[in-house]
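Hi everyone, thanks for coming along. Let me put the model up on the screen, and then we'll walk through it together.

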Amino acid sequence: MNRRRRIIATIMLSTGLLALGAHARIAIQNKGSDTLVNVAQAWAEAYAKKAPEVAIAVSGGGSGTGIAAMINGTVDIANSSRRMKQSEIDLAKEHGQDPVEHIVGYDALAVFLHPDNPVSTLSIEQLSSIYARGQEFDNWSDLGVKVPGCKDNTIIVVSRQNNSGTYAYFQEAVLGKGGKYRQGTLDMHGSKDVVDLVEKTPCAIGYSGLAYATDHVKMACISSQVGKPCVSPTVATASDRTYPIARPLFMYTNGAPKGDVKSYLDWILTDEGQCIIANKGYAPAHDVTCE
Amino acid sequence: MFEATALNARNARIQTLFRLLFGLMTGLLILPVIIILFTLIQEGGAVISYDFLFTSPTDGMTAGGIFPALIGTIWLVAVALIISVPLGVAAAIYLSEYAPENWLTRAINLAIINLAGVPSIVHALFGVGAFVLFFNFGTSILAASLTLAVMALPVVIVATRESLQAVPLAFREACWNMGATRWQTIRRVVLPNAVSGILTGVILEVSRTTGETAPIMFTGAVFFTPFLPQSVFDQTMAMSLHLFVVSTQVPGVPEQLPYGVALVLIAMVLTMNSLSIAFRMYLRSRKKW
């Protein structure tokens, strides 16, 4: 009996000690946008070497997930690839949170095509004709081309799930305010999935952050109107805002950042932090020279 | 002696045919397991090394190891076990040994069966609402393990109850007739004879909780953190979520890496299972009836 009691006591004591250890380290919780998640991961990885006492935990799930967590007060920093809506800010305030916006970089939304697709330039109007509800184009012949390997030449329209910031930004930038996506799009649960699908599907068209581009897909050169010169998505064209579908990337904090959260955000905006985002294929928030 | 008639011969042929047919079906059953294991070992075997198991991911998770995820999964499963095994076993003992046969007991049994059928994503959302927000544990190992424990409880309860009921009533009666109380009977006679069955339930729970992704991804597991958890209030990486992340979320991951992660995950479950099965066989060999 005695031995058993000792075992139980040991277990209880060690659980207690573990609970006490909880405050020995500073934890920053960082959650949200799938577009930003890989950059956030790279920042967390690099920052661990700078400030070993700060543990940054990164999760994805989409901008909507991050914003919801900010509203519920379960994160320190919410990542978002779109600006918070007024209704969301109001809701957060009702919950006693005060979201403060920080722009940490810019992202060019590339339009991906299969490499066999003869189309290489698209205007915003043409994109809208493909993506908008009541769309005019549902066949590649509407753009005057025949896509090799695409059986009946029908356009397969690839989009994102609706809590994605990429989905929301593309809607705003291409379909215009209040514009709705057409029915029957293939909604993928991740930027990488969009690129993977387009890579394997000659009929497909999709959009994702430039950082997800691979050598196996083609990126369309985008013009604001038919006939106007087009701009290819690159870090440079996103930085100088000449690429028409580039958007800011946000981190939200609850109130003005303080203490370790402030040090972390400040570090993200240093040249060192900004070179990390630039190396991931996004445009930095300010001009930096990286090797 | 008998002379084999045409009918005998025909029956024998049919018998052979069905035996072959059923044997073939059984063969088909293990085929997926073999294919999965073979593919994983072939594709992922080369990735496995000491460094892969015992270092953190580096270079934006495209290189380095899986150590934080490995430790995280062990934490999650261990805490879930600490919570659910005592609870589940106690509930099963009550249901099997004490509960009167009435509508309430039947309702409780029905509820347990239904709980086992709840999809894991529903458990996940329940976990967010109850443990993360209402009890304010935040996204943490504690919240994730509690969610896993709720999900695994029916498995433990049902397995324990079955094994308790497999202990012959005569054993209990003999004990009662010696003047022992119900608790003494349970403690000295029923539980020692049922322990192998209870262990099966625990094995099943370990296997299931190790592989679950949905219940932990909102409640405590994260995409990336460079640190090992120090307490149940920390967040952690986990093997199952890490597998999801490296296969679908991160660009530029070498093709072999997800296979390596999957192989380690499967190996963890299989090792756990074989250890427990061996232990169970040892206990069963000591069974007294």
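Predicted model: local features only at pLDDT ≥ 70, side-chain atom pairs only at ≥ 80, totals over all residues.

Let's begin with the overall build of chain A. Its secondary structure comes to ten helices and twelve strands. If you draw a box around its C-alpha atoms along the principal axes, that box is roughly 85 × 50 × 40 Å. Chain A has 291 residues, and buried residues make up 46% of them. Now think about who touches whom along the sequence. Take the contacts in chain A between residues at least 6 apart in sequence: 72% of these join residues at least 24 apart.

Next, find strand β1 of chain A, residues 26-32. How many of the seven residues of β1(A) are buried? Six are, and the strand is mostly covered. On to its partners. β1(A) pairs with β2(A) in the parallel sense, over six bridges. One example to click on is A:Lys31, whose bridge partner in β2(A) is A:Ser59. Follow the chain from β1(A) through α2(A) to β2(A), and you have traced a right-handed β-α-β unit.

β1(A) also runs parallel to strand β3 of chain A, residues 77-80, and three bridges join the two. Here A:Gly32 has A:Asn79 of β3(A) as its bridge partner. Look for A:Ser80, which stands opposite A:Phe250 in β11(A).

Let's zoom out to the domains. Chain A is divided into domain 1, which covers 2-106 + 249-284, and domain 2, which covers 108-246. Their C-alpha centres lie 32 Å apart. Where they meet, 17 residues of domain 1 of chain A are in contact with 16 residues of domain 2 of chain A. On the domain 1 side, the elements giving two or more residues are α2, α3 (63-72) and β12 (283-284) of chain A. The largest share of that side, three residues, comes from α3(A). By class, that side has five nonpolar, nine polar and three charged residues.

A helix worth a look here is α10 of chain A, residues 271-279. Its buried residues are A:Gly273, A:Gln274, A:Ile276, A:Ile277 and A:Ala278. What do they pack against? The list is α2, β4 (99-113), α8 (235-239), α9 (259-268) and β12 of chain A. After α10(A) comes A:Gly281, with a positive phi near 95°.

In soluble globular proteins, nonpolar side chains tend to be buried together. The largest nonpolar core in this model has 152 residues, and those with the most contacts inside it include A:Ile56, A:Val58, A:Ala108 and B:Val261. Helix α6 of chain B, residues 141-165, gives the largest share of this core, 17 residues. Why do we say that the core lies between domain 1 and domain 2 of chain A? Because both of these domains give residues to it. Let's pick out A:Ala108: beyond its neighbours within four places in sequence, its contacts include A:Leu210, A:Pro233, A:Tyr243 and A:Ala283.

What about the contact between the chains? It takes 28 residues from chain A and 23 residues from chain B. On the chain A side, α2(A) gives the largest share, eight residues. That side divides into 14 nonpolar, nine polar and five charged residues.

Last stop, B:Phe54, which lies in helix α2 of chain B, residues 50-54. Is B:Phe54 buried or exposed? It counts as exposed, because it has 12 C-beta neighbours inside 10 Å, and the cut-off for exposed is 12 or fewer. Leaving aside neighbours within four places in sequence, B:Phe54 is in contact with B:Gly65 and B:Phe67. For a sense of scale, B:Phe54 and B:Leu283 are 229 residues apart in sequence and 34 Å apart in space, C-alpha to C-alpha.

Definitions and conventions. Residues numbered from 1 in each chain as written. Chains lettered and ligands numbered in written order. Helix = DSSP H or I, 4+ residues; strand = E, 2+ residues; numbered from the N terminus. Buried ≥ 20, exposed ≤ 12 C-beta atoms within 10 Å, placed from the backbone. Contact = placed C-beta atoms within 7 Å. Nonpolar A, V, L, I, M, F, W, Y, C, P; charged D, E, K, R; others polar. Pairing = 2+ DSSP bridges. Right-handed = clockwise from strand over helix to strand, strands pointing away. Core = buried A, V, L, I, M, F, W, Y, C linked by C-beta atoms within 7 Å. Domains from an automatic or database assignment.
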